[in-house]
Amino acid sequence: MYHFVRDVEQTRYGGIKARRVAEFVGQVEHLCRHGQPVRAADLVAYFEGRGELPAGAFYLTFDDGFVDHLRTVVPVLKRFGLEGAFFPMTEPLVRGRVPSVEKLRFLNYNCDFPTIYEEFFATLGRLFPNVDASPWRFDPSRADLAAAYARFDQPAMGHFKRVTTLEMPWSIRDAVLDEMFPRYFGGEAEFIRELYLDWDNLRELRAAGMVVGGHTVTHPWLARLSAAEQDKEITEGNERLACELGEPIDVFAYPYGSYNADTLAILRRRGCRLAFTTKVEVVLDPARPLEVPRVDTNDVRYKSETCEA
Ligand SMILES: [Zn+2]
């Protein structure tokens, strides 16, 4: 599972976490040398009992619909003869709004985090003077929760990402972020143009033989939503993609890896054949096509000469 694949110092946002292009090529080389690339159709056939997967089967996925995916990832995949799957959320393109997950990502990583953290709570206090925000402040005694939520972050930031996603009402979070974001990053329309694949880009991905799958509209933590709300997020996202690409969408990736029994029922009802979690596993359960685990690129070494396995 990948997000950004770019040499960040060549962009306006040098602080964000990204897989460098050379590292990405190294990982792909390593996988091709030691594994067997498969396609989404092979995975579907496997789960439907119509085919086996080779030993060392691997498949690459890219979340959140960044321009990097067309500019830097697709040329590499084509060079190695690989198919990849790409999962854009539709809110930036349909509503012209930067999803809160992205606002948080850019504020957290591209700005001074302690400043952002204090400014977030100061803004919250100003916009919502009657809300007691103290339960959402960082408490070092709960650092284990933060670490479990965000494996690759420092505890204070992991905590902040966790409470803004799992504990705080999203209406409050969104209002605060909407106020803070333009101060650091300017207008959302230009930011969206610079950051995200547009519909033509997504059609280009398909024309290059890549798979495009659903990732909801706004990138919510699905398990926090009612079944009806989940259905709306999933179906609106998938239907818009289907309409733009001219084909049904039957592959999905859970934002944050979050899902519950309702999510699985909705995907089954909507004809989804393959869905990716963020559970870190390398063994597939043939009975669970809608719970395919994924390894994060941050878990993988990239220099093939230093890899032992
Ligand atoms: Zn995502």
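The model is predicted: local features need pLDDT of at least 70, side-chain atom pairs count only at pLDDT 80 or more, and totals for chains, interfaces and linings use all residues. Residues are numbered from 1 along each chain as its sequence is written.

**Overall build**
- The protein holds 13 helices and seven strands. Both are DSSP runs, numbered from the N terminus: helices are H or I, at least four residues, and strands are E, at least two.
- The C-alpha atoms fill a box of roughly 60 × 45 × 40 Å along the principal axes.
- Of the 309 residues, 36% are buried. Buried means 20 or more other C-beta atoms within 10 Å of a residue's own, exposed means 12 or fewer, and C-beta atoms are placed from the backbone.

**Domains**
- Domain 1 comprises 8-88 + 197-306, and domain 2 comprises 100-188. The bounds come from an automatic or database domain assignment.
- Their C-alpha centres lie 27 Å apart.
- Eight residues from domain 1 and eight residues from domain 2 make the contact, where contact means C-beta atoms, placed from the backbone, within 7 Å.

**Helix α6**
- Helix α6 spans residues 113-127. At 1.5 Å a residue, its 15 residues should span 21 Å, and its end C-alpha atoms are 21 Å apart, which agrees. The expected span is 1.5 Å times one less than the number of residues.
- I116, F120 and L124 are the buried residues of α6.
- The face turned away from the buried side carries exposed P114, T115, E118 and R126.
- Cover for the buried residues of α6 includes α5 (100-110) and α9 (170-185).

Notes
Contact = placed C-beta atoms within 7 Å.
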